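Here is a short report to read alongside the sequence and the structure. Keep the viewer open as you go through the sections.

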Amino acid sequence: MPHLALTGLKKTYGAARALNGAALDLRGGEVHALMGENGAGKSTLIRLLAGLERPDSGVIALDGTPLRLGNPAEAQAAGLRFLHQELQIFPGLSVAENMFAGRAYPLRAGLVHWRALRTAAAEALHRLDVTHIRPQAAMDALGPGDQMLVRIAATLLPGASTPWAYVMDEPTAALTGAEAERLFAAIAGLRARGAAVLYVSHRMDEVLRLADRVTVLRDGAHVSTRAIADTGQARIIAEMTGREMRDLYPPRGTATGTVVLDVAGLAAGALHDAAFTLRAGEVLGLAGLSGSGRNDLLKALIGAVPRRGRVTLDGAPLGDTPAACWAQGMAYVPRERRAEGVMLGRALGETVALPHLSRLSRGGFVNRRAEGAQVNTLAAQVRLKASGAAQPCGQLSGGNQQKVLFARALAGRPRVLLLDEPTRGVDVGARFDIYGLIRDAAGTGAAVLVASSDLPELIGLCDRIAILQAGHLTGITPAAGLTEAALLARCYGDTPSKDI
Amino acid sequence: MAQTLRRYGTLIGMLAIVLFFWAMLPDTFMTARNLINISQQISMLTVVAVAMTVVMVMGDFDLSVGSMASLAGVVAAVLFTHDWPLWAGLVAALAVGLLGGLINGVLISLIGILPFVATLATLTMFSGAAFMVSGGKTIFGRDIPAAFSDFARGGLSLGQLDGRALLLPWLTLLALAVAALVWVLLEQTTYGRRLYAIGANPEAARLAGVRVTRLRLSAFVFTGAGAALAGLMYAARVASANPTQGSGLMLTAIAAVFLGMTVSENGQPRVLATLAGVAVLGVMDNGLTQLQVDSYVREVLVGLIIVLAVSISALGRRAVGGR
């Protein structure tokens with residue numbers, strides 16, 4: 001079995017020390033998880049492996065022979081392949097053509113031998129036990145999960161040099177549950193073929209389930225490498241953060257106040273029928289498979305999609321535009337942070353102030369003093385790590401961008417917080433902060449609605465959980481004492497064939 | 001570091017251009033009279049370019065401003081020949097600008113046509129309308145009220161210089177007033193904040209309660225009115241109106257905004273940056289004319305300066321983003 005050993009890696013960018021004695025040990029036939037908070041050095045380590053950067057010092061050795069990874073081609077020659085969350089694909093071309101991108105097409109009489117191309121592509125997909133993707137399908141007709149499978153299968157084309165190690169950086173970030181399951185099956189297949197998979201993810205449940213060994217980095221240095229049987233969630237978190245975490249979730253609230261939001265017969269997009277009430281101080285979770293209408297329910301309540309049905313906020317009918325909903329005291333943290341939330345190139349203070357401009361202005365003129373004071377107070381409240389309100393959002397980590405959106409939602413003491421996947425792609429430290437913020441907001445009388453595909457998160461965080469099934473709200477259950485399996489079973493209901 | 005270089009690189013280049021003409025034309029370039037002259041020459045461009053900045057802030061642009069300027073000038077002149085009073089002709093011409101901008105706004109924000117396509121179509125329409133209104137002729141002479149053309153010749157007295165009155169032209173003051181108005185609008189009001197939000201991320205802006213459709217439409221109306229005002233200024237300055245006289249404004253205005261974006265922080269359109277872009281183009285035009293450089297050569301040189309500035313900016317950005 002091949003064996004890649006990284007020892008004593010150091011790398012600095014200007015004054016910033018990205019790696020300070022990082023180490024990793026990767027063997028063929030294992031899935032090896034690489035864990036660490038944002039800034040722990042995971043990305044830098046991967047960039048070194050990919051030949052995009054050279055280390056300042058340290059050794060990368062394959063089977064005892066030091067490697068010089070000066071450029072991506074040398075990394076490829078060493079048998080390493082890299083799969084990122086945002087894959088580079090050729091959308092207009094077929095699956096088979098995408099698989100052959102960058103290598104010679106099979107020819108016959110000087111022309112492309114299309115049948116041989118398709119046969120080879122089918123053969124490679126088959127080696128990965130992928131049968132539901134046709135080689136002639138258009139690449140852009142596939143979901144992100146299938147596109148990833150195609151990219152993996154491309155490394156198994158007959159006649160090509162087969163890599164022995166795959167580096168996957170947050171591969172499930174954009175995938176649905178069912179797509180992730182197919183990826184996990186493919187990863188198991190690669191491992192069975194003797195390949196190594198270096199798996200980087202913020203999702204603890206995936207890591208605990210997939211990995212054979214776990215390496216934890218903190219502040220650019222190696223903390224531990226353990227077999228999965230010798231560690232666990234609490235230990236990994238403690239090693240990542242350097243502090244003991246008694247419990248991931250803040251204690252539930254006890255008091256529930258008056259009814260804030262009253263929803264009846266709500267329909268919007270994939271949502272056909274939802275009725276529920278939400279009380280002050282309560283955190284209500286929304287569980288459901290993808291396509292169950294989770295996302296549409298929140299978008300309907302912020303007025304972003306047309307809706308039918310009756311919705312009242314503190315007894316008054318809810319407006320039907322985002323502007324009206326924000327003005328009435330609804331606040332929204334969207335699912336797609338970069339596409340729907342922050343303004344990457346603008347000062348973070350502008351993202352925070354945007355929905356509240358009317359309140360922060362007089363006669364149409366922005367009151368910069370009130371705005372600055374508001375932004376600074378909120379930034380401190382959400383423990384934002386930024387150089388100031390003028391720093392562009394694009395320079396912040398994912399967790400801090402999410403905190404910017406929380407600061408925005410908490411401005412002006414909202415009556416209802418609508419949170420769609422509030423901790424998606426957020427590291428453990430920021431996740432603690434965000435759970436705390438959600439509970440604090442509830443504690444001061446806000447009602448909170450959280451949609452999440454992370455079931456342990458819903459169970460740990462919420463007071464009650466509403467189940468959405470194919471567009472219908474089928475029931476609401478207390479979260480305390482619920483198991484993940486029981487919740488998942490309720491999400492599936494009688495039709496267990498849907499995507500999660 | 002690279003960011004600083006990118007911003008100040010262009011500024012240094014602008015300064016170098018000024019120094020170059022100062023050295024080449026020691027007696028005539030850096031004089032109060034010539035600088036005032038430049039300010040008047042670029043007053044129409046200033047108005048169009050700052051109005052263009054309003055839509056470019058949202059990531060849109062308006063190709064129809066040049067033909068709208070022509071149309072507005074022609075409309076006013078034709079109404080003058082029908083003995084309309086001065087104020088009525090001006091109001092009607094500005095109303096045409098508002099209407100044209102409204103058409104652009106409806107096509108782009110309500111119907112959802114790409115700005116490039118929509119304003120290319122209205123460019124042609126406005127241009128055709130200008131020919132129809134004027135009958136293809138230049139309107140000049142006694143048909144144009146004296147008060148109209150006198151305005152372009154007059155100004156605020158700054159006293160005497162070399163025995164002649166030194167005037168700060170009304171056109172310059174008007175352009176400065178428009179620039180100040182747009183600066184306040186974009187930099188100080190919630191309206192401007194929301195336009196920049198749309199430019200940064202339209203969907204995020206919508207979800208945060210920005211009325212994207214309405215604001216986008218209104219911004220095009222504003223730009224249309226600005227173009228019409230520039231057309232009137234032009235007609236007053238040359239005391240005549242013909243259906244093609246504004247056509248050069250569009251490309252130069254877009255060029256000025258782009259030039260400005262190379263000096264602004266984060267490469268965004270800003271009013272003061274646009275003014276810097278306009279000033280550079282005005283200085284080049286004035287200096288090269290004085291050096292008796294052929295007008296075709298002048299166009300090539302202006303084009304080269306724009307390519308150079310934007311290239312430096314793009315390379316600088318790559319250096320920043322590449323790490």
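## Helix α4 of chain B

In this predicted model, helix α4 of chain B runs over residues 65-81, and its 17 residues should span 24 Å at 1.5 Å a residue. The end C-alpha atoms are 24 Å apart, which agrees with that expectation.

How many of the 17 residues of α4(B) are buried? The count is 15, so the helix is mostly covered. After α4(B) comes Asp83(B), with a positive phi near 65°.

## Helices α5 and α6 of chain B

Next, look at α5(B), residues 86-110, and α6(B), residues 115-134: they pack at an angle of about 150°, and their axes are 9 Å apart. That angle makes the two helices roughly antiparallel, because angles over 145 degrees count as such. The crossing of α5(B) past α6(B) is right-handed.

On the α5(B) side, the residues that meet α6(B) are Gly100(B), Ile103(B), Asn104(B), Leu107(B) and Ile108(B). Their counterparts in α6(B) are Pro115(B), Ala118(B), Thr119(B), Thr122(B) and Phe126(B). This contact holds six nonpolar residues and four polar ones, with no charged residues.

## Where chain B touches chain A

Between the chains, the contact draws 24 residues from chain A and 20 residues from chain B. On the chain B side, α9 (190-200) and α10 (202-207) each supply at least two residues. The largest share, seven residues, comes from α9(B).

What is the make-up of the side of chain B that touches chain A, in nonpolar, polar and charged residues? There are nine nonpolar, six polar and five charged residues on that side.

Notes. Residues numbered from 1 in each chain as written. Chains lettered and ligands numbered in written order. Predicted model: local features only at pLDDT ≥ 70, side-chain atom pairs only at ≥ 80, totals over all residues. Contact = placed C-beta atoms within 7 Å. Helix = DSSP H or I, 4+ residues; strand = E, 2+ residues; numbered from the N terminus. Nonpolar A, V, L, I, M, F, W, Y, C, P; charged D, E, K, R; others polar. Axes fitted to C-alpha atoms, helices over the stretch in contact; angles between N-to-C directions. Parallel < 35°, antiparallel > 145°, perpendicular 65-115°, else oblique. Left-handed = near helix turned anticlockwise from the far one by under 90°. Expected span 1.5 Å × (residues − 1). Buried ≥ 20, exposed ≤ 12 C-beta atoms within 10 Å, placed from the backbone.
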